[in-house]
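Subject: Handing over the structure

Hi there,

Here is the structure I promised to pass on to you. Have a look at it first, and then read on for what turned up.

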Amino acid sequence: MSDSGPTEQPDERHAVDSLLLKRVAAGDRAAFSELYDRFSKPLYSTAVRILTDTAEAQDVVHDAFVALWDKASTYEASRGTAFSWALTLTRNRAIDRLRSRRRRAELLENSAPSDLGLDENSSGPSADESADTSDQAAAVRAAVETLPSDQQSALKLAFFGGLTQEEIAARLSTPLGTIKARIRRGLLKLRERLAASQ
Amino acid sequence: MIAERSEELAVLGALDLLSLTEQAELAAAVVADPALAVLLASFRSTAAELAHSAPPVVPPTLLKTRILASLSTQTAPASARPSPGIVLPFASWIGLAAAACFALTTAYFGQAFVTERTAVAALRDQQTLADLALRGANNQLEAERLISRRELTAASAQAAESSGLVAALESRLVEASLNAADSARQLVGSRDQIASARRELTARDQRVSDLTRQLAAQGTLADYKIATLASLLGNSPQALAVAVWNPANQEGVLTVQKLPALAADQDYQLWVVDPQYPIPVDGGVFRVDPATGEARLNFRPNLPVKTVAKFAVSLERKGGVPKAEGPMVLIGP
């Protein structure tokens, strides 16, 4: 899902995103600019959420969009939506930075829980709630909120935490099999609820 | 129907949580089952929606400008490059080709330079961090070495002190062992004494018990009747007798002094006067020592005596008589 207009239906939105990406692959800067406007807010929010650092998040989004421009021709619609592809470019870079930061912190032995960027109580960069008022974003947040709290926690750690399955299990003091089951059930429910809300 | 395992791999793969082995497993499963590829794409799209659960933050305006500026220095996307189907004059083509080769070479080496410089910088960072870690580890090692040395010195001193203490304790132990042996011997002797004392105590208890039983059978001393018999003889006024009577046992003892010696055919005979009988009850006969006039008679009347009013002694023929016939020689009280 991208940050498109509130009246755009998901399928229509994905189709527009895909078309724009094809135009980007053809070197269309205007399409790139429009795609940036549609994607940048959720991608930047994700990067900030993962890194809890706006400067680093800007670097990550910059690199991701440059990669998107450079690799647009490699996008395959059969492997997911254009937004999910762009998100993968952003999230992988953010998580790489996060893991690099953790390794450095571990080496210097001054790691703190807040460094993980997943402390629910840490404020980090201030969120602009009014900035994202699209129906799509609200629908996603509502769907996530309906998940059981243990599934929410597992999914958010998996998505924003940059942790392995084993690290998530250790962090939640829960057996690995249970974590896998929670993530699987959580994503299946999220898919069902998002489909129902469309 | 997609297997649960494949579905789980697809979910975890959509969230980039798979290990290399699992990634290979998922890739093989996707190749074998096109439906799984569709499901994986669906999961990827769903997972991407989680981006909207992050607190929304508006990117700064300058970010777009910065990105667009970066694009201006980039070559166009690969797919946007001119196709080789365009025919140009040879002279133009060779010039353009040379320029393109130069540009590509420059870009390539420029890119390689930037990449290498970045790698070198990263390596330097890593080396700096490694140096810091090494320095920290050395410091920690030195600190641990100093601490260990102090602990070793303290432990040695403590060991020496402990050795002296052990020797003193051993000496005390030997002394205590000897004392214990003496005590053990004394204990054995004491035990024998205690056993002997217990045996004696038991015997005495038994004796006391017997005496108590006897005393109970004999009655109390207060119940005894003691009577002094006075002489009725003109020729032996100093003659005297004492009778002690135990009413419980119906027996008594009579002792006499200075009674005249008897002829061979005579006996003294004791009589117990009880008001319940019309005549005195026979208490038995006795003779006295001719030299001292003394005698002792343990007597038991031949009839039950309830109340002793008097004792009397008469002189009778040898063997005694059922009813007093001879003269009375003693009477009392």
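Let me start inside chain A, with a pair of helices. On one side, A:D150, A:Q151, A:A154, A:L155 and A:A158 of α6(A) are in contact with A:R182, A:I183, A:R185, A:G186, A:L187 and A:K189 of α8(A). Sorted by kind, the residues of this contact are five nonpolar, two polar and four charged. Please keep in mind that the model is a predicted one.

How do the two helices lie relative to each other? Helix α6 of chain A covers residues 149–160 and helix α8 of chain A covers residues 176–197; their axes come within 8 Å and cross at roughly 95°. Angles of 65 to 115 degrees count as roughly perpendicular, so α6(A) and α8(A) are roughly perpendicular to each other.

Next, the place where the chains meet. Here 50 residues of chain B touch 66 residues of chain A. Together the two chains bury about 5,400 Å², and carbon and sulfur atoms give 66% of that area. Three residues stand out on the chain B side: B:H52, B:P56 and B:V57 supply 14% of the area that chain B buries against chain A, more than any other three residues.

There are also polar links across this interface. Between chain B and chain A, 16 residue pairs are in polar contact, counting pairs with both residues at pLDDT 80 or more. Which elements of chain B give two or more residues to the side that touches chain A? They are α1 (4–14), α3 (34–49), α4 (61–72) and α5 (90–218) of chain B. Of these, α3(B) gives the most, with 10 residues. By kind, the chain B residues on that side divide into 31 nonpolar, 10 polar and nine charged.

Finally, the charged pairs. Side chains of opposite charge can pair when their charged atoms come close. Over all chains, the whole structure has 20 salt bridges, and the count between chain B and chain A is six. One salt bridge joins A:D37 to B:K64, with the closest N and O atoms 2.8 Å apart. A:R91 and B:D16 form a salt bridge through their side chains, at 2.9 Å from N to O. This pair crosses between chains: A:R91 sits in helix α4 of chain A (residues 82–108), while B:D16 belongs to the loop between α1 and α2 (20–32) of chain B.

Happy browsing, and do write back with any questions.

Best wishes

Terms used: Residues are numbered from 1 along each chain as its sequence is written. Chains are lettered from A and ligands numbered from 1 in the order in which they are written. This is a predicted model: local features need pLDDT of at least 70, side-chain atom pairs count only at pLDDT 80 or more; totals for chains, interfaces and linings use all residues. Side-chain values use heavy atoms; hydrogens and water are left out. Axes are lines fitted to C-alpha atoms, for helices over the stretch in contact, and angles run from 0 to 180 degrees between N-to-C directions. Helices (H or I, at least four residues) and strands (E, at least two) are DSSP runs, numbered from the N terminus. Angles under 35 degrees count as roughly parallel, over 145 as roughly antiparallel, 65 to 115 as roughly perpendicular and the rest as oblique. Contact means heavy atoms within 4.5 Å. Ala, Val, Leu, Ile, Met, Phe, Trp, Tyr, Cys and Pro count as nonpolar, Asp, Glu, Lys and Arg as charged, and the others, Gly among them, as polar. Buried area is the accessible area (1.4 Å probe) that two parts lose on being put together, summed over both. A salt bridge is a side-chain nitrogen of Lys or Arg within 4 Å of a carboxyl oxygen of Asp or Glu. A polar contact is a pair of N or O atoms within 3.5 Å; within protein, one must be able to donate a hydrogen and the other to accept it, and residues adjacent in sequence count only if both atoms are side-chain atoms.
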